[in-house]
Amino acid sequence: MAKQERAIRTRRAILEAAGAVFDEHGYASTTISMVLERAEVTKGALYFHFPSKESLAQAVLDEQVPFGAVPPQPCKLQEIVDMSFVYGRRLLSNPLLQGSVRLTVDQATPPGVDHSGPFRQWADHVIDLLEEADKQGELLPTVVARDTVELLVGSFAGIQLMSRALTGREDLGHRISVLWAHVLPSIAVPGLLGRLDTAPDRGARILAALGEDGELVRRDEP
């Protein structure tokens with residue numbers, strides 16, 4: 001058991017270091033040596049978990065969606081809103097998430113690295129919640145789930161990139177709030193709009209209530 005726990009910690013340390021290096025340098029300029037130096041592990045330890053740079057990049061990409069995990073809400077539109085704010089809040093300071101996002105839009109990744117995966121995973125996850133929202137009478141009858149979700153995922157990707165370029169993501173909470181102010185009236189029933197919390201600090205308040213503001217999501221720990 002102790003050996004397994006050490007292996008889990010080592011793998012996580014490598015992923016966090018790789019995320020930071022990929023975020024800083026991009027895929028093409030990142031080397032295994034850079035990751036080894038940042039993680040402070042041996043080459044053998046890294047290759048035990050990740051046989052190549054491509055597999056390491058894919059593992060970093062695969063970590064992205066769990067960072068949007070939030071407590072379930074009776075109102076599923078609120079739960080979707082909460083995911084965006086919590087994800088945006090974690091993106092401010094989490095190097096693994098930052099590296100995953102950088103790889104998602106990095107066109108220099110080789111064909112063996114599926115950087116489109118997070119887009120599909122986010123869409124599939126949010127569609128499930130949107131369909132629940134529809135069953136609960138939260139949506140206008142004109143809403144097409146797939147079209148709406150792909151608009152949301154694409155828009156979020158764009159505003160977080162713009163926020164990073166202009167302010168180092170300092171205004172990301174505000175930009176997410178503005179996004180919802182424009183989207184929700186076109187998909188939510190009017191009686192629900194006034195009850196949805198889309199304030200820029202929504203993510204910070206959720207994470208503070210969980211006692212994990214700025215903490216990593218450790219999905220691979222027992």
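Trainee: What should I know before I start?

Mentor: The model is predicted: local features need pLDDT of at least 70, side-chain atom pairs count only at pLDDT 80 or more, and totals for chains, interfaces and linings use all residues. Residues are numbered from 1 along each chain as its sequence is written, and side-chain values use heavy atoms, with hydrogens and water left out.

Trainee: How many salt bridges does a search of the whole structure find?

Mentor: A salt bridge is a side-chain nitrogen of Lys or Arg within 4 Å of a carboxyl oxygen of Asp or Glu. The search finds 13.

Trainee: Which residue forms a salt bridge with arginine 38?

Mentor: Glutamate 24 does, with the closest N and O atoms 2.8 Å apart. Arginine 38 lies in helix H2 (residues 32–39) and glutamate 24 in helix H1 (residues 2–29), so the pair ties together parts 14 residues apart in sequence. Helices are DSSP runs (H or I, at least four residues), and strands are too (E, at least two); both are numbered from the N terminus.

Trainee: Is glutamate 79 buried or exposed?

Mentor: Buried means under 20% relative accessible area, exposed over 50%, and partly exposed in between (1.4 Å probe, protein chains only). Glutamate 79 is buried, at 9%. Its salt-bridge partner is lysine 76, at 2.7 Å, N to O. Lysine 76 is buried as well, at 11%. Both lie in helix H5 (residues 76–91), three residues apart, about one turn of the helix.

Trainee: What does aspartate 82 form a salt bridge with?

Mentor: Arginine 202, with the closest N and O atoms 2.7 Å apart. Aspartate 82 lies in helix H5 and arginine 202 in helix H11 (residues 202–210), so the pair ties together parts 120 residues apart in sequence. Both residues are buried. A network of salt bridges links Asp82, Asp197, Asp201, Arg202 and Arg205.

Trainee: Which residues form a negative surface patch?

Mentor: Patch residues have over 30% relative accessible area and no salt bridge; like charges are joined within 9 Å, and nonpolar side chains (Val, Leu, Ile, Met, Phe, Trp, Tyr) within 5 Å. Here the patch is Asp128, Glu131, Glu132 and Asp134. Aspartate 134 sits in helix H7 (residues 117–135). At 46% relative accessibility, aspartate 134 is partly exposed.

Trainee: Where does UniProt list a "DNA-binding region"?

Mentor: The unreviewed entry gives residues 31–50. Such annotations may be inferred rather than shown by experiment. In the model, residues 31–50 are 75% helix and 0% strand, with end C-alpha atoms 13 Å apart.

Key
Areas by Shrake-Rupley, 256 points an atom, 1.4 Å probe, with all protein chains shown as cover. Lys, Arg positive; Asp, Glu negative; His and termini not counted. Charge placed at Lys NZ, Arg CZ, Asp CG, Glu CD.
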